[in-house]
Amino acid sequence: MQHDIETLLDAKIELGDFVARGHPWDLFISAYNNSRRVQTVFTQVPAARKSWWIIPEYGYTPADLTALEEPLVLARGSEAQVVKAGLAGSHFDPTTDRRLCIDITGLMRPHILFLMAHLQDIGVTQFDLLYTEPAQYSRRAETRFSIGEDVRVVSVEGFVGAHSPDTSGDLLVIGIGYDHHLISHAIQAKENARVVELHSFPSLSADMYHESILRLDRVSSERSRVGDEVQYCSANDPFVVAASLASAVRIAETRRRVTNVYLSPLATKPQAVGFGLHYLKRMRGTATSIIYPLCLSYDKETSTGVGRSWIYPIHH
């Protein structure tokens, strides 16, 4: 079944409304971390089977996991290796697990993106993604999600384009988030590209947009390349993000010739889903890639409180 992104702009559903409809999932998958918004949702969602993924970036030891029932510990590897091992370890069968839901709150963005591409490639035409907002981030504008300075910028598997050797009109669209050092790495990786900032406005809460701007101001070494082209999108609705991203690229193309396009979602997880939706719907086979600055480790807990939980029904 084919769905235009525009027909899904009002498709997100609050978790409580979804649960009230009384249709449990066959399989529910979530990446474990210390956040209340991850742990409480796992216990509440109705599903025939549930699977905790223990992803390597959080650095959990066996002693940290004794309270969990049959956690699936995944070895370090590429996003494709981690996701494929996770689905196999969760005994996902697309012929019987017709109602699949993945909580993306604790997943890494490359995992989320590859998961979307992989499910499409193996013929899964419909599944649900779940995301729970934080009440706020634990250290406000000082919150840092990634740990360490060992960062390498890579193309996300499943989102690698057929690029032109002509880089004179390269375009980099960055989803602006809190990790200013990751923004710097993405910009440095495409040093010849002109930069379009995609800001999450409206943000998840009134203060988060301001906090992200404070962090963006720290991208000092690259400051001359950012700020001229700014577009806005939702922080919690990936369908709106996909439409906003498509519009941002179209506007950039009217201003100046574009050769290759690089997309880098560094804001919320729903924004990453929106980038994935846009790419899978419109950009496969073109001179467009999604790039991401990879870190080895991420903080186990970056938020306080539990905000709204959203279901995003994905149709390919």
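## Basis of the model

The model is predicted: local features need pLDDT of at least 70, side-chain atom pairs count only at pLDDT 80 or more, and totals for chains, interfaces and linings use all residues. Residues are numbered from 1 along each chain as its sequence is written, and side-chain values use heavy atoms, with hydrogens and water left out.

## Overall composition

The chain holds eight helices and 15 strands. Helices (H or I, at least four residues) and strands (E, at least two) are DSSP runs, numbered from the N terminus. Of the 316 residues in the chain, 56% are buried; buried means under 20% relative accessible area, exposed over 50%, and partly exposed in between (1.4 Å probe, protein chains only).

Contact means heavy atoms within 4.5 Å. Among contacts in the chain with a separation of 6 or more, 80% join residues 24 or more positions apart.

## Packing of helix 4

Two packed helices are described by the angle between their axes and the distance between the axes. Here axes are lines fitted to C-alpha atoms, for helices over the stretch in contact, and angles run from 0 to 180 degrees between N-to-C directions. Helix 4 (residues 109-121) and helix 8 (residues 269-283) have axes that come within 9 Å and cross at roughly 35°. Helix 4 contributes Arg109, Ile112, Leu113, Met116, Ala117 and Gln120 to this contact, and helix 8 contributes Lys269, Ala272, Val273, Gly276, Leu277 and Leu280. By class, the contact comprises eight nonpolar, two polar and two charged residues. Ala, Val, Leu, Ile, Met, Phe, Trp, Tyr, Cys and Pro count as nonpolar, Asp, Glu, Lys and Arg as charged, and the others, Gly among them, as polar.

The axes of helix 3 (residues 79-89) and helix 4 also come within 9 Å, and they cross at roughly 65°. Glu79, Ala80, Val82, Val83, Lys84 and Leu87 of helix 3 meet Pro110, His111, Phe114, Leu115, His118 and Leu119 of helix 4.

Helix 8 is mostly covered, with 13 of its 15 residues buried. After helix 8 comes Gly285, which has a positive phi near 85°.

Leu266 occupies the loop between strand 12 (261-265) and helix 8. This leucine counts as buried because its relative accessibility is 7%. Leu266 and Arg109 are 157 residues apart in sequence, yet their C-alpha atoms are 8.4 Å apart in space. Beyond its neighbours within four places in sequence, Leu266 has contacts that include Arg109, Leu182, Ile183 and Ala186. Leu182, Ile183 and Ala186 are among the buried residues of helix 5, and seven of the ten residues of that helix (residues 180-189) are buried.

## Nonpolar core

A nonpolar core is a set of buried Ala, Val, Leu, Ile, Met, Phe, Trp, Tyr and Cys residues joined through side-chain atoms within 4.5 Å. The largest has 92 residues, of which Ile55, Ile102, Leu119, Leu129 and Ile174 touch the most other members. Leaving aside neighbours within four places in sequence, Leu129 is in contact with residues including Met116, Val273 and Trp310.

Most residues other than glycine have a negative phi. Glu70 has a positive phi of about 50° and lies in the loop between strand 3 (47-54) and strand 4 (72-73). Its relative accessible area is 71%, so Glu70 is exposed.

His91 likewise has a positive phi, near 55°, and is placed in the loop between helix 3 and strand 5 (100-103). His91 counts as exposed, at 63% relative accessibility.
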